[in-house]
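Opening the notebook on a new model today. I'll jot down whatever I look up, in the order I look it up.

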Amino acid sequence: MKNPEYQAELYKNFYIKTERTFTRLRKYAWLFLFVAPLGAWWFPEIGLLIIPLMLTLTIMAFFNGKYWCGNICPHGSLFDGVILSISKNRAIPGFLKNRWFAAVIFTWFMVMLGIRLVKVMSLWGETSFPAKLGYIFTMNYTVVTIIGLLMAIFITPRSWCSFCPMGTMEKLSYKLGKLTKFNTKTDRKVSVAHEEMCHKCGKCSRVCPAQLTPYLEFDENGQFSNENCIRCETCVNNCPAKILSVRNAEGAKSERQNIDLEGYREKVRTDAEITEITDLTDDTRRFTFKLLRDRMKFKGGQFILLKIHKDPEMFRAYSIAGYTEDGTEFNVIVKKAPNGFGTGIIFDAFRVGDVIEVEGPLGDEIVIKNGDNKLLFIAGGIGITPFIPLVDEALRDETIESVKLVHGVNFKKDFIHQEQFEKMTTDDERFQYYPVAASCETWNGEKGFVTDVIDKLNIDNSHKVLMCGPPPMIDASLNVLQIKHVDRENIYYESA
Ligand SMILES: Cc1cc2nc3c(=O)[nH]c(=O)nc-3n(C[C@H](O)[C@H](O)[C@H](O)COP(=O)(O)OP(=O)(O)OC[C@H]3O[C@@H](n4cnc5c(N)ncnc54)[C@H](O)[C@@H]3O)c2cc1C
Ligand code: SF4
Ligand code: SF4
């Protein structure tokens, strides 16, 4: 892990390119650049448009920080919407993010602008005045476009934004808004439902165009108050725990007060030793852990966080695939993600005998509750893991009438625990197991998707449905379940 070459290779997969332009304005605002600066080189008066633009962003910032940058700025739209796909997407060098660097650039920019404005003022009243004034702004806007574009391609799309003089202007205006408390209601920041629910996976940081670390900086109200946040909501849309939203302070406080922390209260953060590593398929491994100090109260359907990185601190969530009743041992099954940052570390560096920091058990979405007596479990791919202990638990409970498990994979090789499930169907007539493979010539069983199987099942609203799998599988299953008249309140799911 300490080998610099390994670290460099690993960090190539750190920042993730993901959709950042969720609105039409963000997607197409870059077209304005054809008007200014481009058009303004032929008609310099057009450059005057940049004056109201600068005023608008400064006023908006007073109320809502760098909202302009993330949602309206034509340069931002160009960098995120057009350049991202060809950008190297590297880490922004530290000095570019330094506030003193931004202060120097801002001062230089203002002084130069001031000198030019003073010069052009001598032409006040002359017919050439508007064109000369427009030219000053056109030139500045052109420089930003060219430098910003090059940095976007060779570093990361939003490199320029780290020290953009307009961004600094926004921050000054925003500070004034905070100082006067005029923006308390309008200041909408990224807010976490509750830190206890955060997986500390760092995805919010890995997708953040400004390369910030929201999950490490939530304040006492669960808000991310970093003034460099451009309020683009990319983190909100990518958080796997779905616990982020954009709210003002009052909204964040009230969400916190109403949050249900069931499933997060009994978590323990402790050390565990890896006692066994077993290859299950060519890209899937089972890791067995023994807790060194504490005990955990495990339930099937819950998950555990494994620490994969120290600085910045990062964990990965894995469903509990098995546990001992005394609460001292558990295992997880991990599928290696192509170019995955976390699974890269887990597969390359985790060895038997290693002591890993773990946190859990967590989650309450897909656990069996009192009164459940007809269960339908739906799993997609590696989403089968929570159902290994869940099927066990369900069959140990004599009050449960029936347990159906549908497992969909792409290829036969992706089935996990298949033999054990098949044996369980002969041992206990309450259990039915439906493996289904989408595209596999060597598979002689049911072919298709989980939805094809669900469609044929004899189920109704008396069933409780627990699902785990990729979002498209969840969405498609929800549709079929609706057709089968299973109410939404009887369906619980988690995306793996
Ligand atoms: C509650 C819960 C339970 C889970 N249980 C399990 C489980 O039991 N077993 C299991 O295997 N997983 C499970 N997961 C998923 C697990 O937490 C990890 O997300 C998974 O192992 C991938 O981690 P990673 O860091 O290797 O992948 P990441 O690096 O986050 O990558 C994820 C995907 O994005 C792609 N990607 C990465 N970098 C880039 C880039 N620069 N550009 C474009 N695409 C990119 C990768 O190719 C990969 O396919 C669970 C998740 C949750 C939330
Ligand atoms: S993305 Fe991960 S680290 Fe960030 S808030 Fe969501 S769960 Fe927490
Ligand atoms: S923290 Fe979230 S909202 Fe703020 S800039 Fe980063 S991704 Fe955008």
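Predicted model: local features only at pLDDT ≥ 70, side-chain atom pairs only at ≥ 80, totals over all residues.

I counted secondary structure to begin with: the protein has 17 helices and 15 strands.

Then I checked overall dimensions. The C-alpha trace spans about 95 × 50 × 45 Å along its principal axes. Of the 496 residues in the protein, 38% come out as buried. I also looked at contacts with a separation of 6 or more, and 75% of those link residues 24 or more positions apart.

Next up, a sheet. I traced an open one of seven strands, and its order reads β6-β5-β9-β3-β4-β8-β7 with antiparallel pairing. Which strands sit at the edges? Those are β6 (314–319) and β7 (322–323), each pairing on one side only.

I zoomed in on one pair from that sheet. Strand β3 covers residues 268–281, strand β9 covers residues 355–362, and six bridges join them in the antiparallel sense.

What lies across β4, β5, β6 and β8? I found helix α13 (residues 341–349) there. The strand ranges I noted are 284–291 for β4, 303–309 for β5 and 329–335 for β8. Helix α13 runs at about 80° to β5.

Last stop, ligand 2. I got 14 residues surrounding ligand 2, and the closest are Cys198, Cys201, Cys204, Tyr215 and Cys239. How does the shell around ligand 2 divide by residue type? My tally gives 10 nonpolar, two polar and two charged.

How values were computed
Residues numbered from 1 in each chain as written. Chains lettered and ligands numbered in written order. Near = placed C-beta within 6 Å. Nonpolar A, V, L, I, M, F, W, Y, C, P; charged D, E, K, R; others polar. Pairing = 2+ DSSP bridges. Helix = DSSP H or I, 4+ residues; strand = E, 2+ residues; numbered from the N terminus. Contact = placed C-beta atoms within 7 Å. Axes fitted to C-alpha atoms, helices over the stretch in contact; angles between N-to-C directions. Buried ≥ 20, exposed ≤ 12 C-beta atoms within 10 Å, placed from the backbone.
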